[in-house]
Amino acid sequence: MQHQLREGRLITARSKAEQLIGDVPEFGFLLDLVRWHERIGGTIESSGGPDLDGVLVDPATTEEGHVLFLLVAVWNDQAAFTVQRYRSALASLGKPDCRLVLVIGDGAPRRIRDDLREQPAASSGDVPLTVILARSVDEARTLNDAWKPPFDGFTVMLGPKRRITGVALRPGDLAEALRK
């Protein structure tokens, strides 16, 4: 099904997802993934939220041409590793016209700051970074309802016109995605 989604065969992917869900209801997230692929070319309803200091920010209004949202449920070692992979991939492209935005449902601001600061500069480069962090259960619920990520570590890329140009991008997909 992933292959069908990457090829843009959305009707076939939706049909396959519905069939799988009929057999195994726990695969419901697959339909959410299909829905995100169906939104490519559209807009997102809200891209803002509180940063690590609790100040409301809206990364979609920044000057960078592209904005890559990385959605993480809980900040932990795995999340830090995932962020490092995306920062490294973007940094390897030179100075990409892209801001990386971490949307985190739960985490301690101090630990997040420390973990991000400890990531090697050579692999994170000059990639602009914004962190949106839920400060309460209600904020976490609001962020989750706004994004409805099908899985942890899900990505959404907005292009220069702030339309969705890619979803479920892996670090190796970023060079091609930035050409859109």
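Student: Which residues are linked with R6 in a network of salt bridges?

Tutor: This is a predicted model. A salt bridge pairs a side-chain nitrogen of Lys or Arg with a carboxyl oxygen of Asp or Glu, within 4 Å. In the network, R6 is joined by R170 and D173.

Student: How many salt bridges does the count come to by this rule?

Tutor: The rule asks for a nitrogen and a carboxyl oxygen within 4 Å. By this rule, the count comes to twelve.

Student: Which helices does the salt bridge between E38 and R14 tie together?

Tutor: The side chains of E38 and R14 meet at 2.8 Å, N to O. E38 lies in residues 29-38 and R14 in residues 10-23, so the pair ties together parts 24 residues apart in sequence. Those parts are helix α3 for E38 and helix α2 for R14.

Student: Is D53 buried or exposed?

Tutor: D53 forms a salt bridge with R113 (2.3 Å, N to O). D53 sits in the loop between β1 and β2, while R113 lies in helix α5. Exposed means over 50% relative accessible area. D53 has 57% relative accessibility, so D53 counts as exposed.

Student: How many residues apart in sequence are the parts that D77 and R111 tie together?

Tutor: The side chains of D77 and R111 meet in a salt bridge of 2.5 Å, N to O. D77 lies in helix α4 and R111 in helix α5, so the pair links parts whose separation in sequence is 34 residues.

How values were computed. Residues are numbered from 1 along each chain as its sequence is written. This is a predicted model: local features need pLDDT of at least 70, side-chain atom pairs count only at pLDDT 80 or more; totals for chains, interfaces and linings use all residues. Side-chain values use heavy atoms; hydrogens and water are left out. Helices (H or I, at least four residues) and strands (E, at least two) are DSSP runs, numbered from the N terminus. Buried means under 20% relative accessible area, exposed over 50%, partly exposed in between (1.4 Å probe, protein chains only).
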